[in-house]
Amino acid sequence: MIVHCCHCRWCQRETGSGFVINAIVETDNLEVTGETMMVDTPSASSRGQKIVRCPKCHVALWSHYTQAGPALAFVRAGTLDDPGAVKPDVHIYTSTKLPWVRLPDDAKVFAEFYDVPKVWSAEARARAAAARKFEAKVEAMSSILHGTG
């Protein structure tokens, strides 16, 4: 839907690098070829995030942020079979970008976050909405089946 290059201090700490590149996709569209484990992790927003990791090597594969919910996965581009196929659409939290990182002249740059409806394409917004609606239906069905709804 969109690819973020995040320069926030939390992503710098999490990756041990100057930034992280996350490709946002529907969680249902992920093709996972092995076991995963989910780790609750704090975040700068204080809402936390769930990082899905490989249980053997503990590499972060993708995240679920509270505000986006589990329907959307923020996939670490470096874990893809072809990470070079992914190019950032936006650079976010550049207010904390390391001074030695140079951004392309034509990059979409935001000091913090951005207004999603102004940045995401209509198609991407529709895909995200459809994924969240499906997730809500699954949660409702689960609560009915388990007698908690």
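Which residues of β1 lie on one side and which on the other, and are they buried or exposed? I looked up both faces. Ile2, His4 and Cys6 are on one side, Val3 and Cys5 are on the other, and all are buried. Buried means under 20% relative accessible area, exposed over 50%, and partly exposed in between, with a 1.4 Å probe and protein chains only.

I noted what I was working with. This is a predicted model, in which local features need pLDDT of at least 70 and side-chain atom pairs count only at pLDDT 80 or more, while totals for chains, interfaces and linings use all residues. Residues are numbered from 1 along each chain as its sequence is written, and side-chain values use heavy atoms, with hydrogens and water left out.

**Strand β1**

I found β1 at residues 2-6, with five of its five residues buried. Helices (H or I, at least four residues) and strands (E, at least two) are DSSP runs, numbered from the N terminus.

Next I looked for the partners of β1. Strands of a sheet pair through backbone hydrogen bonds, either parallel or antiparallel. Two strands count as paired if DSSP finds at least two bridges between them. With β2 (residues 20-26), β1 pairs in the antiparallel sense over five bridges, and isoleucine 2 stands opposite isoleucine 24. With β7 (residues 90-92), β1 pairs in the parallel sense over three bridges, and histidine 4 stands opposite valine 90.

**The sheet**

I then traced the open sheet of eight strands, which has the order β3-β4-β5-β6-β2-β1-β7-β8 and mixed pairing. Its edge strands are β3 (37-41) and β8 (108-109), each pairing on one side only.

**The pockets**

I checked the term first. On a 1 Å grid over the protein atoms alone, a pocket is an open set of points where a 1.4 Å probe fits, with protein on both sides within 12 Å along at least five of seven lines; lining residues have an atom within 4 Å of a point.

The largest pocket holds about 660 Å³ of space. Of its 31 lining residues, Tyr65, Gln67, Phe74, Tyr93 and Phe113 are the closest to its centre. β1, α1 (9-15), β2, β6 (72-76) and α3 (122-145) each give two or more residues to the lining. Helix α1 gives the most, with five residues.

The second largest pocket holds about 480 Å³ of space. I counted 16 lining residues there, with Glu31, Val32, Thr33, Thr79 and Leu80 nearest its centre.

Notes:
Points joined across faces, edges and corners; volume = space filled by probe spheres on them.
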